[in-house]
Amino acid sequence: MASLITCPHCGVRPKEEFAIRGDASLIRPAPTASDEAWHDYVYVRANPRGRTLEHWHHVAGCRRFLVVERDTVTHEVYSAVDGVVAAREAQR
Amino acid sequence: MVRDYNNRHALDQKLRGTPKPVNADHLEVGHWQAIATVLAQVGLEAAVQRALSSTPELSLRYCGPGEWLVVSEVDTPIGLMRRLDMLCGTQAHVVDQSDGRVLMRLSGPCARRVLAKGVGVDLHPGAFALGGSTNVLCGHIAINLARTGEDIFELIVSRSFAESLFDDLMTMGRAFDLSAAFSD
């Protein structure tokens, strides 16, 4: 697993300071969406090989949620941005 | 029956008794240090930071975006709260942490080597500049670490973790003959 994360607020930190909170690429379905769509959103997860987007919570640091893009094979970290910034860019 | 719960410091049992001689590397524990957390309203982070840093008596410790621990050397806890209320008004949420946090001051030529045993940040003077501060994990305990002098570091820890952190620090500093005492 990626062992060093460059937090946009705190700098380079070991992974022990973070908690991984799951897939960040999911899009929340509309409130009126079908039960199947909601079931998939809440429970069904892929176990991807390669690049993934994940929510990382910097529990022992700035306590902010980050969106970390990393590779599950090579352990390379491509980017780590604040969750607010990521959400703002996704809306655009 | 009336009990006075205020009178017991978190490290009272560890540091009670006659003070031992102070060695070159020393851990000093603040007695009733005035500490408060300040969380700025969204969008007002810069204004709050300006207001706080305009007062030389207050020492700002960075926690996260728009969030600081404010330490005062001169104020009482109540005085600090009054001062922060005047400075921030409705721009920030201020909570008194004087009883909730314990401040420890690690000083001496080997302070950096003591800390390096438990802290995951680069403590080199070029990377962790004078006046710098950050939240960090020391062993498994979340602390706020600040560099207040050339070889002086201040650690702020939650009260309930203070004893555990104190034991860890004394173990980390045993090779350097680390001594410990209350500051007054």
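**Reading sheets and an interface**

Colleague: In which sense do strand 1 (residues 26-29) and strand 6 (residues 101-107) of chain B pair, and over how many bridges?

Modeller: Strands of a sheet pair through backbone hydrogen bonds, either parallel or antiparallel. Here strand 1 and strand 6 of chain B run antiparallel, over 4 bridges. Two strands count as paired if DSSP finds at least two bridges between them. Strands (E, at least two residues) and helices (H or I, at least four) are DSSP runs, numbered from the N terminus. Before you go further, note that this is a predicted model: local features need pLDDT of at least 70, side-chain atom pairs count only at pLDDT 80 or more, and totals for chains, interfaces and linings use all residues. Residues are numbered from 1 along each chain as its sequence is written, chains are lettered from A and ligands numbered from 1 in the order in which they are written, and side-chain values use heavy atoms, with hydrogens and water left out.

Colleague: Which residue of strand 6 stands opposite B:H26?

Modeller: B:S107 does. In that strand you also find B:L106, facing B:L27. Now turn to strand 10 of chain B. Strand 1 pairs with strand 10 too, in the parallel sense and over 4 bridges. There, B:H26 stands opposite B:S179.

Colleague: In what order do the strands of this chain B sheet lie?

Modeller: Read it as 7-8-9-6-1-10. The sheet is open, has 6 strands and its pairing is mixed. Strand 7 (133-138) and strand 10 (179-182) are the edges, each pairing on one side only. Neighbouring strands are turned by 25 degrees against each other on average, direction ignored.

Colleague: Where in chain B does B:H124 lie?

Modeller: Look in the loop between helix 4 (111-116) and strand 7. B:H124 is 12 residues from B:R112 in sequence, and their C-alpha atoms are 8.1 Å apart in space.

Colleague: What pattern does chain A follow along the sequence?

Modeller: The pattern is β-β-β-α-β-β-β-α. That makes 2 helices and 6 strands. The C-alpha atoms of chain A fill a box of roughly 40 × 25 × 25 Å, along the principal axes.

Colleague: How many strands form the open sheet of chain A, and in what order?

Modeller: There are 4, ordered 3-4-5-6, with antiparallel pairing. Strand 3 (19-23) and strand 6 (77-82) of chain A are its edges. On average, neighbours in this sheet are turned by 30 degrees, direction ignored. Strand 4 (residues 51-57) and strand 5 (residues 65-71) of chain A pair over 7 bridges. One bridge joins A:L53 to A:E69 in strand 5. Helix 2 (residues 83-91) of chain A lies across strand 5 and strand 6, at about 95 degrees to strand 6.

Colleague: What area is buried between chain A and chain B?

Modeller: The size of an interface is often given as the accessible area lost when the parts come together. Here that is about 870 Å², 49% of it from carbon and sulfur atoms. The loss is taken with a 1.4 Å probe and summed over both parts. A:R13, A:A60 and A:R63 supply 43% of what chain A buries against chain B, more than any other three residues. The contact (heavy atoms within 4.5 Å) takes 12 residues from chain A and 12 from chain B.

Colleague: How many salt bridges does the rule find across this interface?

Modeller: It finds 1. The rule asks for a side-chain nitrogen of Lys or Arg within 4 Å of a carboxyl oxygen of Asp or Glu. A:R63 and B:E67 form the salt bridge, with the closest N and O atoms 2.5 Å apart.

Notes. Buried area = accessible area lost by both parts, 1.4 Å probe. Axes fitted to C-alpha atoms, helices over the stretch in contact; angles between N-to-C directions.
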